[in-house]
Amino acid sequence: MPSSADRAAALNRYRNVCVIGAGVIGSSWAALFLAHGLNVVINDPQPGIEATVKDALIKIGPTLLKLGLPHEGLERNLRFEPDLARAVAGADLVQENGPEKPEWKQQLWARIEATVPKHALLLSSSSARPATEQAKEMKDASRLLVGHPFNPPHLIPLVEIVPGERTDPEATADAVAFYEALGKVPRVLKKEIQGFVANRLQRAIMREACYLVQEGVVTVDELDDVVTSSIGLRWAVNGPFSSFHMGGGPNGLESFFQHLGKNMAASFKVILQVDLDEALQRKIIDQAAASFGKTPIPRMERERDDTQVALLHVLAARNGRNGT
């Protein structure tokens, strides 16, 4: 973990941040940046964006408080600038949260490059478009890379850092230092891949979940209970590999693969057919509506955030005891 001096230096280096796009992800990033004392300018052409962001800050405030972060008066360091060139003119860092359209991002970064200071770190929250693709129209893409958060960024620690083919390794190191200073858990991917890592895992689990509902094995809410009462608990503490390592006995993964490797390899070759057609979608929607769908989403979000904050505190205490 970085020292307090290192964190302060990283935040001071990127004191002025421009957030492009202030939807759910952008507003969450803005709240986190503001809570750490950064100056934030938001560029978003949506009508009523100021009211939307300010409402989001009020909503996010209680979670910031539980995380031990400032949550009042955040608007003091916040301003809105609809003109892109003026918005990025003094930025030390840009966090882009726009549409997942390659051409749109390519044109955006080319426009930003013409105005933004040369030292600025250019980060995209994209969950689908690699930096190499986004940088197609740029002359100098050395400071551009993906900084993909898991929603919501102000709460979930992970940030997947994915450099492009032209990204300078120094920019990657700078991104790691910046996100660590915010208390995030940045992980650098060794190569670009569609969907990155967290979403690929989430997609694979969702595919199997839809298959089990499709086949009538479980209902939607029963499947959620299975996950939260088993692997959800396990994976909050240990990932798949370390979990199976402990499950392998004294010799860990070596024993695990020796006893179960062949069966697992055979199961990997079985491709289950999931037809997410209108009928299956309606089945899932109706089952959800009859169960947790009865609870208003704002209440679900508050209960989710409160529980995840409590879990983060427990994990932080454990890591502190382990010296990690």
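Predicted model: local features only at pLDDT ≥ 70, side-chain atom pairs only at ≥ 80, totals over all residues.
**View 1. Asp92, a buried acidic residue without a salt bridge****.** Local features need pLDDT of at least 70 and side-chain atom pairs count only at pLDDT 80 or more, whereas totals for chains, interfaces and linings use all residues. Residues are numbered from 1 along each chain as its sequence is written, and side-chain values use heavy atoms, with hydrogens and water left out.

**View 2. Polar partners of Asp92****.** Asp92 lies in the loop between α4 (84–88) and β4 (93–96); helices (H or I, at least four residues) and strands (E, at least two) are DSSP runs, numbered from the N terminus. Its side chain makes a polar contact of 2.7 Å with that of His119 and reaches the backbone nitrogen of Arg15 at 3.4 Å; a polar contact is a pair of N or O atoms within 3.5 Å, in which, within protein, one must be able to donate a hydrogen and the other to accept it, and residues adjacent in sequence count only if both atoms are side-chain atoms.

**View 3. The open eight-stranded sheet****.** The strand order is β3-β2-β1-β4-β5-β6-β7-β8, with mixed pairing, two strands being paired if DSSP finds at least two bridges between them. Because β3 (78–80) and β8 (185–188) stand at the edges with a single partner strand each, one side of each has no neighbour in the sheet.

Key: Buried < 20%, exposed > 50% of the residue type's maximum accessible area, 1.4 Å probe, protein only. Lys, Arg positive; Asp, Glu negative; His and termini not counted. Salt bridge = Lys/Arg side-chain N within 4 Å of Asp/Glu carboxyl O.
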